[in-house]
Amino acid sequence: MDRVKSSMQQVPNAIPKVIRRTGGANSLELEKENFERGQAVSINKAINTQEVAVKEKHARTCILGTHHEKGAHTFWAAVNRLPLSSNAVLCWKFCHVFHKLLRDGHPNVIKDSMRNKADLTDMSRMWGHLSEGYGKLCSIYLKLLITKMEFHIKNPRFPGNLQMSNRQLDEAGENDVNNFFQLTVEMFDYLECELNLFLGVFSSLDMSRSVSVTAAGQCRLAPLIQVILDSSHLYDYTVKLLFKLHSCLPADTLQGHRDRFQEQFKKLKSLFYRSSNLQYFKRLIQIPQLPENPPNFLRASALSEHISPVVVIPAESSSPELEHVVETDDLVDTDVPVLPAALETKFDDLFGTSAAIDPFNFNSQNGMRKDDKDRLIEQLTREIQALKDELESFRLESGRLCQALRGRVNELEAELAEQSHLRLQAAGESEFLKAELDDLRRVREDTEKEQRSLTEIEKKAQANEQRYTKLKEKYSELVQSHADLLRKNAEVTRQMTVARAAQDEVDAVRREMQEKVKAAQEVADRQEREQLEQLQELQRELVSSRTELDSLKTTMASSQQSSEVLGDQLVALESEKAELVQSLSKVEAELAARGEELERVQSSLATERESGVKTAEALQNQLNEKESREQSLESQLVTARWSSLQGAVEEAEKIIQDSLAQIDDPVHISCTSSADYLASRCQASLDCIDRLHSAREAFLADNTGVSELVRVVTQCGHLVGDTIVQGSATSHMVPVEQADALSESVKACGAEALALLGQMKQQDSLTAADSSKLKAALEAILATAEKLRPRGLELQQGELGDLVEQEMAATSAAVESAATRIEEMLNKTRAVDTGIKMEVNERILASCTELMRAIKQLVLSSKNLQKDIVESGRGAASMKEFYAKNSRWTEGLISASKAVGWGATVMVDAADLVVQGKGKFEELMVCSHEIAASTAQLVAASKVKADKDSGNLHRLQQASRGVTQATAAVVASTKSGKSQIEETDTMDFSSMTLTQIKRQEMDAQVLVLELETRLQKERERLGELRKKHYELAGVAEGWGEQEEGTG
């Protein structure tokens, strides 16, 4: 091989000239055959079922092939023989190679491929039924390729690789804004398909692993190089076209274009970034990075800031495989290569080419002697002959291999033809057997139908016989009863009634018997006709079967057994037919006998008809009297129904009027309610209004269903009245503005309810009663209640759980600190005070110490119960998740815990002041009551979600009772100490004169008036403080944000 190569380098133009001289016309056919063979080999190597990336050399060979033949006929001829619809990997690699041909192949590839558009569309639809794997990716890729072909057919100025200058881009739109507008839309669709394939490939890969270094991952990622090349150009052209459109059209018109570009920009930027981080793409392509923000098309100067993304493909390093391919191509290439300048000059000097070009140049002929030229020519001739021999051996070897391959192909084609023939033969035999099987099934089904019809006829005949026997028995009973009537004259009325009833039954039985006899006769006639028709059909089938049997005997001997089976079946059918005819004749004879018996029965019953007429007249009179009584009872029932409905409506009116009267009662001002309970009452009232509407419609359609309407009216009155009362009670707990609005809504609801009930009291206005106004009023109250609901602290899950733990810990610390301070005060008062004062202080501080112990036990029991609630499975897996899930309950728990800690601290301060003689006993009692209320709130918040049988709940309740007893002890000791201190200051008026007493009396009256005035002011201040406390609590719960949002 090295010697051949060196010879070719010495005389590079020798082989092509020799081939052109000796090949003639056959060389073109041989060249075409070699080209098609080479293309087929490259296509089969590029598109196979191995899950590896397509090799670049095979794809390049296919691309060069399209340029060689100026089209894609050879490519499609080879592809159409591949099973693309049965293997997803094969179809995926076909899409990759086809995409390369559309980009880098001959321009005619797109036109030649449009003929296969329908097949590609069907294939895409077929692969689209798969939801994962290569099937889904193949469907998306085929849609992209179809979109690419359609785009280039509509816009032939765009080459397959989409590389255009700005001038060519302007010419593509033909200076028409409509064309630019449509072109931008098509580019958006084109880019959308590219992005879909991008996303589909990434979503099918497990990006947590290094998929780009595996063969399977590279097989999926390789086509994205073509997608990146197309997407960069489409993005650049879209930006330029949008700037051009914004210079010609209003910005509002292009809002849809801008929105779509923004969406595609975000996707493309993300996909480019993700692709640039993959190891597979780093050595094959340099992916551009898009700017941080999309271009601002509303500013024309932003076009100068736009930088076109450039995709750089590094130069491929040479490999031994590629070098081997280049050497082989040099051997089989028949084109004239370009000679180096030195060799070309030497060749011209030897063979006189320069002389042929310039006939007046004689120096070239005298440059060498004739002997040297002859020797050189002989040497070259020998080398050429050696090369010819070697080339001939190559040709013989390749011909032998081609002949062997053709023989193998012929053998395979013969085997395929044989298999096809056997398959067709088997299909024909199966069709023939199926036809025979269907015929036998039809014959069997007909036979079964006839057997079932015969069985039914026998059953009907037995039923008729039984009915006739019953009829005879009833007739004998009638005769006996008639004789009894003649003998017993006293019981004539009762006997005539029985006879009339018996007569009616006999008439009914007789009519039924007549009808059934007629029906049986008709059925028998119809069955006889059907059997005759079936017999004729069977005879015709028999004749046709016999003719077919004769023809089959002459043509196929193998069908003799099946024809004998058919003949036996026909004989059996004929025998069954004869039996059916005999049974039919028997049935006809029985029917005739029964008809005669029926006539005799009719003649015997005619005598009883006259006596039955009189009985019928008496019964008719009784029936008329009964109908008149029923009508009177019906009218009474309607009156009773309406009166019951009116009573229910009046009762509902009284309930609502009583509720409206309660909200104006001064005693009701002390009543309070929560927004949650008001919302629940409103929702229940709305549901009841819907049921009231349905019940009213049902009563109007059928006035018998009054019970449901009465129940709904009564329930509606109770629920609406309760809503009015609870709404008024809730208004006492909210700010003034919201309280006024809620009160007005409640009164409006009561007025609408009374109006609706007033309409329902009158029968003529019941149909026009409209509950929509009442429903609207209830919905207004419900909306107000929803606004008043607390919205929670809006803390994160971990923060809410930590806050519960912090507050409970802070409460325990506050209680411990309070107990320590009380112990210190007790020691101090023992050291300083004496007498009654020390006794009072010790008793008060001891009761406070007991209260702190009870509170500490209560907090500990509450903690244990909370842990029990979380661990019992009522909440989430962890305590923090449970608190976050039940945020409303958690917030109540936090609030109660804060109140307990604050109350303990304040009570210690009050006790300290009392012990020092600077405080008031009333402050200590108020603090005790406040602590009792806070602990009750803590107990209520803790036991809401607890199990009733929980031991921790029982201990919490015991601790709560202990706190209550300790609070009572603190109050009792405080009152006792106050009374003892006051007794020491007993008033003594013995030494005072009348004037002094009068002066003291006047001073006391002045002080009483001042204290009463101050008491009134303090009560007003207390009310304002409670309102402010409610407002601050509402801000903490988020009510303030709700009011701002609604405002």
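Just after helix α4, K70 takes a positive phi of about 60°. Helix α4 covers residues 56-69, which makes 14 residues. From its first C-alpha to its last it reaches 20 Å, close to the 20 Å expected at 1.5 Å a residue.

Which residues of α4 are buried? They are K57, H58, A59, C62, I63, G65 and T66. An α-helix has 3.6 residues a turn, so residues three or four places apart point the same way. With that in mind, the reader can follow A59, C62 and T66, which are among the buried residues of α4.

The next topic is the aromatic rings. The model has 18 aromatic pairs. One of them is F75 with F98, whose ring centres are 6.3 Å apart. Their planes stand at 15°, and under 30 degrees counts as stacked, so this pair is stacked. F75 has a relative accessible area of 2% and is buried. F98, at 0% relative accessibility, is buried too.

A second pair is made by F151 and Y190, with centres 5.2 Å apart. Is this pair stacked or tilted? The planes meet at 50°, so the pair is tilted. F151 and Y190 also link distant parts of the chain, 39 residues apart. F151 lies in helix α9 (residues 133-154), while Y190 lies in helix α11 (residues 177-204). Both of these residues are buried.

Elsewhere, aromatic residues gather into a group: Y235, F243, F261, F265 and F297 form one cluster.

Rings can also have a charged side chain over the face. R220 lies over the face of Y134, at 4.4 Å from the ring centre. K244 is placed over the face of F180, and here the distance to the ring centre is 5.5 Å.

Last comes the confidence of the prediction. The chain averages a pLDDT of 75, and 75% of the residues score at least 70. Over residues 316-370 the pLDDT is below 50, although this stretch has 36 contacts in the model beyond near neighbours in sequence. Residues 1035-1047 also stay under 50, and for them the model has 25 contacts beyond four places in sequence. Where pLDDT is low, the predicted coordinates should not be read in detail.

How values were computed
Residues numbered from 1 in each chain as written. Predicted model: local features only at pLDDT ≥ 70, side-chain atom pairs only at ≥ 80, totals over all residues. Heavy atoms only, no water. Phe/Tyr/Trp six-rings, centres within 6.5 Å; stacked < 30°, edge-to-face > 60°. Buried < 20%, exposed > 50% of the residue type's maximum accessible area, 1.4 Å probe, protein only. Helix = DSSP H or I, 4+ residues; strand = E, 2+ residues; numbered from the N terminus. Lys NZ or Arg CZ within 6 Å of the ring centre and 35° of its normal. pLDDT = per-residue confidence, 0-100. Contact = heavy atoms within 4.5 Å. Expected span 1.5 Å × (residues − 1).
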